[in-house]
Amino acid sequence: MKWQWKIGRFFGIDVFVHATFLLIIGWVAVTYWLEQRTLTAVLAGIGFILLLFLFVVLHEYGHALTARKYGIQTRDITLYPIGGVARLERMPEKPVEELWVALAGPAVNVVLAGILFGWLLLTNTLEPLSRLTISSGSLIERLALVNLWLVLFNLVPAFPMDGGRVLRALLAMRMDYVKATQAAASIGQGLAFVFGLIGLFGNPSLLFIAFFVWIGASQEASMVQMKNSISGIPVTRTMLTDYKSLSPDDTLAQAVALLLAGSQHDFPVVDARGQVAGILERDRFMAALAQHGQSARVMDFIRKDLPPVDSYDMLENALLRLQESGARTLPVMHAGQFVGLITAENITEFLMIRSALKISGAVIPS
């Protein structure tokens, strides 16, 4: 994956750190240096932020392991400067399952905070909050407070925080899932507006949170609306059947000719038996062209790990596979034979056509 590094695999789930995570490490190092001007202080600050993100990882494992109980696997967990993201293969279908998966992350932080505060009470080392700052005071107490802050922040009833999913799950127990999502998204955007107003006249960091919440709510509502729009539609309705392909013996020169002759971006590489060897994606193609020239064989640069889509599959399953694979184009098979391509662009265009026909009152083709 681009711009991220794997730091380990635990409980069968890969954990990655995104390159932008280094920004927060740098910010902490500079902040501690300006405050105390010692290398010891800088290392202590970096250690604190690493422990904080350890709790973030444990929070995400709470989601992932609870989802596993319902048969939902987690692709990976990635750390960003703003927190962690556990990429589930799919969202729970039942509202009560989504509720428990959403609550599992904050529950981990509640348990951790309880353990840390318990230790402070047992050792009689609990300090007044007035003595604590970001960079000074009892480390254990600061970490306990960090866990409480993670609970409160994540339970804000707005997407993409856990609180937004909790709210949607509770609403979905009484209404349609799409309507529940739209209602939860609207509430989240209302909170974002309030955060933005407060940020303008008070804490500027709330402006960033407001933007984060507003975008997250919009994306969640759009994603669920799209999933609902394509529900029950077979892949055959949207797959690309008028396409150009390459053979395993072709060079990049043939790919250049096809790319310039039409609007197709990704090309299937098909052997003499009609089997797909892989897809030559435009990004890989351009990189190969720059490094190796037009005489290189296309087979050396194709992507072979793409999951095929069956022509009888429903469109929502195809879209899920596109998202999981990170690809823009997947091959469509019928009875073991390659019959077409499915792309995110084609799905979007199909939805636009359906929407336009619906507005005009025309009969939507089946």
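# Close-up views of a predicted protein model

The protein chain in this predicted model has an average pLDDT (the predictor's confidence in each residue, from 0 to 100) of 84, and 95% of the residues score at least 70. Because the model is predicted, local features need a pLDDT of at least 70 and side-chain atom pairs count only at pLDDT 80 or more, while totals for chains, interfaces and linings use all residues. Residues are numbered from 1 along each chain as its sequence is written, and side-chain values use heavy atoms, with hydrogens and water left out.

**View 1. The open sheet of strands E1 to E4.** Four strands form an open sheet with mixed pairing, in the order E1-E2-E3-E4; strands (E, at least two residues) and helices (H or I, at least four) are DSSP runs numbered from the N terminus, and two strands pair if DSSP finds at least two bridges between them. Strand E1 (4-10) and strand E4 (83-88) are the edge strands, each pairing on one side only, and the twist averages 25° from one strand to the next. Strand E2 (residues 13-18) pairs with strand E3 (residues 74-80) in the parallel sense over four bridges, and Phe16 stands opposite Thr78 in E3.

View 2. Side chains of opposite charge can pair when their charged atoms come close. With a salt bridge taken as a side-chain nitrogen of Lys or Arg within 4 Å of a carboxyl oxygen of Asp or Glu, the count comes to nine salt bridges. Asp76 and Arg87 meet in one of these through their side chains (2.6 Å, N to O); Asp76 lies in strand E3 and Arg87 in strand E4, so the pair ties together parts that are 11 residues apart in sequence. Asp76 is buried, with a relative accessible area of 2%, whereas Arg87 counts as partly exposed at 29% relative accessibility (buried means under 20% relative accessible area, exposed over 50% and partly exposed in between, with a 1.4 Å probe and protein chains only). The side chains of Arg9 and Asp14 also meet in a salt bridge (2.8 Å, N to O), and Lys6, Arg9 and Asp14 are linked in a network of salt bridges.

View 3. A nonpolar surface patch of about 1,000 Å² is made by residues including Phe193, Leu200, Phe201 and Trp214. Such a patch is made of residues with over 30% relative accessible area and no salt bridge, with nonpolar side chains (Val, Leu, Ile, Met, Phe, Trp, Tyr) joined within 5 Å and like charges within 9 Å; the accessible areas come from the Shrake-Rupley method with a 1.4 Å probe. Helix H6 (177-201) and helix H7 (205-230) are the elements that give two or more residues to the nonpolar patch, and the largest share, six residues, comes from H6. Leu200 lies in helix H6 and counts as exposed at 58% relative accessibility.

**View 4. Strand E8 and its partners.** Five of the six residues of strand E8 (residues 329-334) are buried, so this strand is largely enclosed by the rest of the structure. Strand E7 (residues 309-310) pairs with E8 in the parallel sense over two bridges, whereas E8 and strand E9 (residues 337-343) pair in the antiparallel sense over six bridges. In the hairpin of E8 and E9, which has two residues between the strands, Ala335 takes a positive phi near 55°.

How values were computed:
Axes are lines fitted to C-alpha atoms, for helices over the stretch in contact, and angles run from 0 to 180 degrees between N-to-C directions.
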